[in-house]
Amino acid sequence: MVQLLAADGTRTPHADLDAALAGSGGEDDLASPERLRGYYRDMVMIRGADLEATNLQRQGQLGLWASALGQEAAQIGAGHASREQDYLVPTYREHGIAWARGIEPWRLLESYRGVSHGGWDPNALRTHPYMIVLGSQAPHAVGYAMGLQRDGVVGTGDPETDTAVLALFGDGASSEGEVSESFTFAASFQAPVVFFTQNNQWAISVPTSVQSRVPLAQRSRGWGIPSVRVDGNDVLAVLGAVRTALDAARAGEGPRFIEAVTYRMAAHTTSDDASRYRPSSEEEEWGEKDPILRLRRHLEQLGEIDEEFVARCDEEAHDLAMQLHHHIHGMEDPDPLGMFTHAYAEPHPIVEAEREQYLEYIAQFEDEGGDENADDATPSRDQNAEQDTAEQNGERA
């Protein structure tokens, strides 16, 4: 397993990855002290948003939340390793990827609250909407990569033109048939796609050791797809590995596969109870490998971080969490008719017929009338939210 930063922050040289991180110097130096401080801030910010989202779900403000707690280095590293023109295809836990691509956390909360089907323009931000069905995004990623080949934006030698796809999925999804089929197509057509799996040790309650008798990184080799296994809690190792793989894919050298070994510090989702299947000793062991703490220790060894910077990052993360808290309470329900608007690119007779049926359905409730004071007697969701907030403030006081 490739590692550049040990748990105590010690830096280990690695000729190939160091060269990928150094780039041409200046702006391309991915391991400069300024960049390292930026990665640290990014990880602190996304963890703050993540923890607040979990709190909001517990308060009934989200239908579900899939935490990325502990996986910040794998996601921030992979996100910053990609170039602006690359297309990223995430699953449902890539909050660090979204942050690195400029997607505000409140857009993620909209999806988990059920008021949005995506929340951002995938073409503008070069990032596909979250995918819930395990492995379903892998064929989409390969298809997009094959489209890039046909568009002539692969292997041109122009770094601003050449484009690749980064497909992200978890260790559980790596056992899905769609991933194997995607390996087949990617290898057969030498598609410019990098498969990136975050092995967080548990696919809900099933450990990785049950899913595979060998490291996951070896799976792609049966298709002739080169692979590497990296320490997923080491932001520099992830950066170097993903940048190297994407550069090769853009150059027309075909697909690559990366296994980032990390740990899911929280439960699988807020509907899961990890204590039923995971020993606390394991959580304590991985707690010492915390990716944020690791990078902080490295920056301290370099003399490139101080308590003032750490406190400022923590304060910014707290402010972001409070912004999310207030934003979600102010979210309005979407117009139900919006579900029919973008089902197809062009008007579709079946969709139009279903829209009319829905209009007839809701009209019957308006026709029934009823107690004219019924609306006043039933508290709105906003009123309930205000009451909950007041009660919480009273408890804190």
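**Exercise 1.** Does Gln198 count as buried or exposed? Then find its place and its partners.

*Solution.* Keep in mind that this is a predicted model.

Step 1: Begin with the cut-off, since buried means under 20% relative accessible area. Gln198 has 2% relative accessibility, so Gln198 counts as buried.

Step 2: Locate the residue. Gln198 belongs to strand E3, which covers residues 193–199.

Step 3: Look for partners. Leaving aside neighbours within four places in sequence, the contacts of Gln198 include Gln71, Glu94, Phe169, Asp171 and Thr262. With Gln71, the two side chains make a polar contact of 2.9 Å.

**Exercise 2.** How do helix H2 and helix H12 pack, and at what angle?

Step 1: Read both values. H2 (residues 33–58) and H12 (residues 291–302) pack at about 150°, and their axes are 10 Å apart.

Step 2: Name the arrangement. Angles over 145 degrees count as roughly antiparallel, and H2 and H12 are therefore roughly antiparallel to each other. Their crossing is left-handed.

Step 3: List who meets whom. On the H2 side, the residues include Leu36, Tyr40, Met43 and Val44, while the H12 side includes Ile292, Leu295 and Leu299.

**Exercise 3.** Which residues touch the most other members of the largest nonpolar core?

*Solution.* In soluble globular proteins, nonpolar side chains tend to be buried together.

Step 1: Pick out the residues. This core has 66 residues, and those touching the most other members are Tyr40, Leu109, Leu166, Phe196, Val242 and Leu295.

Step 2: Zoom in on one of them. Not counting residues up to four places away in sequence, Val242 touches Ala78, Ala81, Leu166, Phe196 and Ile258. Apart from this core lies another, of 22 residues, among them Ala138, Val165, Phe183 and Phe195.

Step 3: Leu109 is one of the buried residues of helix H5 (residues 105–113).

**Exercise 4.** Where does Arg126 lie, and where is Gln190 found? Describe phi and burial for each.

*Solution.* Step 1: Arg126 lies in the loop between helix H6 and helix H7. Its phi is positive, about 55°, although Arg126 is not a glycine. At 19% relative accessibility, Arg126 counts as buried.

Step 1: Gln190 is found in the loop between helix H8 and E3. Gln190 is also a residue other than glycine, with a positive phi near 50°. At 37% relative accessibility, Gln190 counts as partly exposed.

Notes
Residues are numbered from 1 along each chain as its sequence is written. This is a predicted model: local features need pLDDT of at least 70, side-chain atom pairs count only at pLDDT 80 or more; totals for chains, interfaces and linings use all residues. Side-chain values use heavy atoms; hydrogens and water are left out. Helices (H or I, at least four residues) and strands (E, at least two) are DSSP runs, numbered from the N terminus. Buried means under 20% relative accessible area, exposed over 50%, partly exposed in between (1.4 Å probe, protein chains only). A polar contact is a pair of N or O atoms within 3.5 Å; within protein, one must be able to donate a hydrogen and the other to accept it, and residues adjacent in sequence count only if both atoms are side-chain atoms. Contact means heavy atoms within 4.5 Å. A nonpolar core is a set of buried Ala, Val, Leu, Ile, Met, Phe, Trp, Tyr and Cys residues joined through side-chain atoms within 4.5 Å. Axes are lines fitted to C-alpha atoms, for helices over the stretch in contact, and angles run from 0 to 180 degrees between N-to-C directions. Angles under 35 degrees count as roughly parallel, over 145 as roughly antiparallel, 65 to 115 as roughly perpendicular and the rest as oblique. A crossing is left-handed if the near helix is turned anticlockwise from the far one by less than a right angle, and right-handed if clockwise.
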